[in-house]
Amino acid sequence: MQHIRESLPSWTLLLWTTVAVLVPVLITLWCSFQRPKRKVQLKDLFRKSKHGWHYTDLFNKPTYCCVCSQPILQGAFCDCCGICADEQCIQRADRILSCKEIMTQRQTDGRFYHQWVRGNVPLASYCAKCKQQCGTQPKLCDYRCVWCQTTVHDDCLSSLNDDLCDLGEFRSVIIPPYYLYQVNKLRRRHPDEYSKLAAGCGSGWTPVLVLANTRSGNNMGEVLLGEFRTLLNPMQVFDLSELPPSKALQLCTLLPPGSVHVLVCGGDGTVGWVLDAIDTMKLKGQDQFIPLVTILPLGTGNDLANSLGWGAGYAGEIPVEQVLRNVLEAEVVKMDRWKVQVVSKGNYFRKPKVSTYNILYDRPAGGCTPECRRDVESDRLKGN
């Protein structure tokens, strides 16, 4: 009897030890099982949403949920309007918080007003009213306009003199949502009609289309897409892994002839892919809509970009705002394109090799070659 009583504590200790080991293991297994299920649910929500949601395991700066106002380490953010939410609030945020409207009419008075998003304002941003720094308090505070990027304090918002949005510094490159709305309402789509509508976008309006290859430059293309969608109309920013340049460039046919710039983010292969699509536009008789092409070189194969003065590679050393300024200030350089088809003699079953030669006759500012330089894109590469 005494032996049985002495063994009871041993069995109790063994039981609690087993529980202490098994419970964390079971919880870990359950979480591992639920995580893929949760990701599938979020992926389905992101696919149907008007927001450009992206999930992250760790925000790179102090971030607060736009729904519950609590600090968060992981969750989702919209790369178009900039709202953030934790996992529990994503569905509600998607339902109650509106994103950038890529196509909408002006207000009844014919004006375009700010669209404010509260909290998580950019670092080193200043209030448009009192000129003091915004976002300094450790909480969800202050506002930012998703179009002109103006920031204002909570207390200063009501006393802001002008609630009209002029689209900010980059108004000359943004495609306003009301322009696309007016184009959609046109009964006769003609270049002259586009030029009349462009008068409402201000003088010197030169919209920029951004075409980025997310496979170039160690995922830098994905980062650039988000940053450009924040500054511009998401409608004018294209992911070439989802939409080929031949379709993306059709937006040029809805804009005033000769006014469009295209910023290609990628390597020589990506640039060649876009230039081939422009050649196809010429074959379709769309010469008047041909855009000017600028390059933001990503990856390692950037001979053409280097020859044109855009550098050998971009790794985020300058902000995208400066990139847009460089595009507006760039010098136009004419370039000839030649295509040479090499056929193996006597081997009729082998696919001919096609090489494209880009020949520069003028030296651009900052260029690295004093004479003509030929950059070869062999086999029509479509990505670096």
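In this predicted model, phenylalanine 59 has a relative accessibility of 14% and therefore counts as buried, the cut-off for that class being under 20%. Phenylalanine 77, at 28% relative accessibility, counts instead as partly exposed. The structure holds five aromatic pairs, and phenylalanine 59 and phenylalanine 77 form one of them, in an edge-to-face arrangement with 6.4 Å centre to centre and 65 degrees between the planes. This pair links distant parts of the chain, since phenylalanine 59 lies in the loop between S1 and strand S2 (63–64) whereas phenylalanine 77 belongs to strand S4, 18 residues apart.

A further aromatic pair is formed by phenylalanine 112 and tryptophan 147, whose ring centres are 6.2 Å apart and whose planes stand at 70 degrees, so that this pair is also edge-to-face. Here too, distant parts of the chain are linked, with phenylalanine 112 in the loop between helix H2 (90–96) and strand S6 (116–118), and tryptophan 147 in the loop between strand S7 (143–145) and strand S8 (151–152), 35 residues apart. Both phenylalanine 112 and tryptophan 147 are buried, and ring pairs join Phe112, Trp147 and Tyr178 into a cluster.

Strand S4, which contains phenylalanine 77, takes part in an open sheet of three strands with the order S1-S4-S5 and antiparallel pairing. S1 and strand S5 (84–85) are the edge strands, each of which pairs on one side only. The antiparallel pairing of S4 with S5 extends over two bridges, and alanine 76 has alanine 85 in S5 as its bridge partner.

The largest pocket of the model has a volume of about 1200 Å³, and of the 44 residues that line this pocket, Lys61, Pro122, Gly226, Glu227 and Thr230 are the closest to its centre. At least two lining residues are supplied by each of strand S1 (53–56), strand S4 (75–78), helix H6 (220–231) and helix H10 (320–329). Helix H6 gives the most to the lining of the largest pocket, with seven residues. Considered by class, the lining of the largest pocket comprises 22 nonpolar, 14 polar and eight charged residues.

Terms used: Residues numbered from 1 in each chain as written. Predicted model: local features only at pLDDT ≥ 70, side-chain atom pairs only at ≥ 80, totals over all residues. Heavy atoms only, no water. 1 Å grid on protein atoms, 1.4 Å probe; cavity = no way out; pocket = protein on both sides within 12 Å on 5 of 7 lines; lining within 4 Å. Points joined across faces, edges and corners; volume = space filled by probe spheres on them. Helix = DSSP H or I, 4+ residues; strand = E, 2+ residues; numbered from the N terminus. Nonpolar A, V, L, I, M, F, W, Y, C, P; charged D, E, K, R; others polar. Pairing = 2+ DSSP bridges. Phe/Tyr/Trp six-rings, centres within 6.5 Å; stacked < 30°, edge-to-face > 60°. Buried < 20%, exposed > 50% of the residue type's maximum accessible area, 1.4 Å probe, protein only.
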